[in-house]
Amino acid sequence: MARNFGIPEAKGEYISFIDPDDTVEPDMLEVLYNKAKATNADICCCYMQKCFPNGSTGDMLMNPHVPEGTLTHDSRAFVLTHYVSLFASMIYRREMVVANDIRFPEDRAADDSYFVSCVWMKAASVAYVDRPLYHYLIRPGSVTTTLQSDKYKKRLAVFSKLMQYARTHGVYDEFKPELDYMYLKKGYLSSVANYIRNSSMPSSSTYREIHDELLRVIPDYSGNRYLKNNMVMRLLIWTLQHCPAVATVAMRWYIKKNNIIS
């Protein structure tokens, strides 16, 4: 809600969102702004560095790279199927955000994914700065690391709103395969992963509830061309429907192995 209040109140040409427990390089905004101005870009991205309270650093995070300049259909399609929502590592042309009515959903789950997805749908051009200018603090007890048993419901709601935004703003038909695939990954499977992570005894009935929502949003999901090319995802979706106990064990192992926070 605070971000949404700030967007129409902002006066600058570009806007940025920096979380209060993170830090940035002293010249982050200057570097991103200068690159955005030099290339007339609607959005400008940098790398994000994971860091921890003890001073150690972790993985380098980055948005997928596409050619700088005007965003083509193929560039948007690539980003929509590969992106990670590092919304704080970017600056955004304020006029583009306001004109396309892009806001954060008030659900406290995947709100950054919603915002960044809308931006990639509507921005005209992009630029990059290949430096880790943003430092993302990972700490126990934060919103992203605290267990919440019903968080999967909020995630499903947010991605349903994202699909509705695409339809309302005339983007869905052009990018239906990409947006449906995004929902399968970021909406459906991520909601299942979130439910498993937050539940001591996952139930088959909840798996069915999440799958029923998938059928409501994308009734023809099985024909998605990206899904057809992803054997692992197809197998996982089938296992969740027919062998939920096996899927639970497999996903718990995967979540732990990859240290997934969902």
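How many aromatic pairs does the count come to? In this predicted model, where local features need pLDDT of at least 70, side-chain atom pairs count only at pLDDT 80 or more, and totals for chains, interfaces and linings use all residues. Residues are numbered from 1 along each chain as its sequence is written, and side-chain values use heavy atoms, with hydrogens and water left out.

The count is 12 aromatic pairs, a pair being two rings of Phe, Tyr or Trp (its six-membered ring) with centres within 6.5 Å; planes under 30 degrees apart are stacked, over 60 edge-to-face, and the rest tilted. One of them is Tyr114 with Tyr165, edge-to-face at 6.3 Å centre to centre with 70° between the planes. This pair links distant parts of the chain, 51 residues apart: Tyr114 belongs to helix H5 (residues 111–122) and Tyr165 to helix H6 (residues 151–168). Helices here are DSSP runs of H or I with at least four residues, numbered from the N terminus. Both Tyr114 and Tyr165 are buried, that is, under 20% relative accessible area with a 1.4 Å probe, protein chains only.

Tyr195 and Tyr207 have ring centres 6.0 Å apart and planes at 85°, so this pair is edge-to-face. Tyr195 lies in helix H7 (residues 176–198) and Tyr207 in helix H8 (residues 204–217), 12 residues apart. Tyr195 counts as buried because its relative accessibility is 7%; Tyr207 counts as buried at 5%.

Elsewhere, Phe17, Phe87, Tyr92, Phe104 and Phe115 form one aromatic cluster.

Charges also sit over rings (NZ of Lys or CZ of Arg within 6 Å of the ring centre and within 35 degrees of the ring normal). Arg167 lies over the face of Tyr172, 4.2 Å from the ring centre, and the charged end of Lys186 is over the ring of Tyr83, 5.4 Å from its centre.

Methods. Helices (H or I, at least four residues) and strands (E, at least two) are DSSP runs, numbered from the N terminus. Buried means under 20% relative accessible area, exposed over 50%, partly exposed in between (1.4 Å probe, protein chains only).
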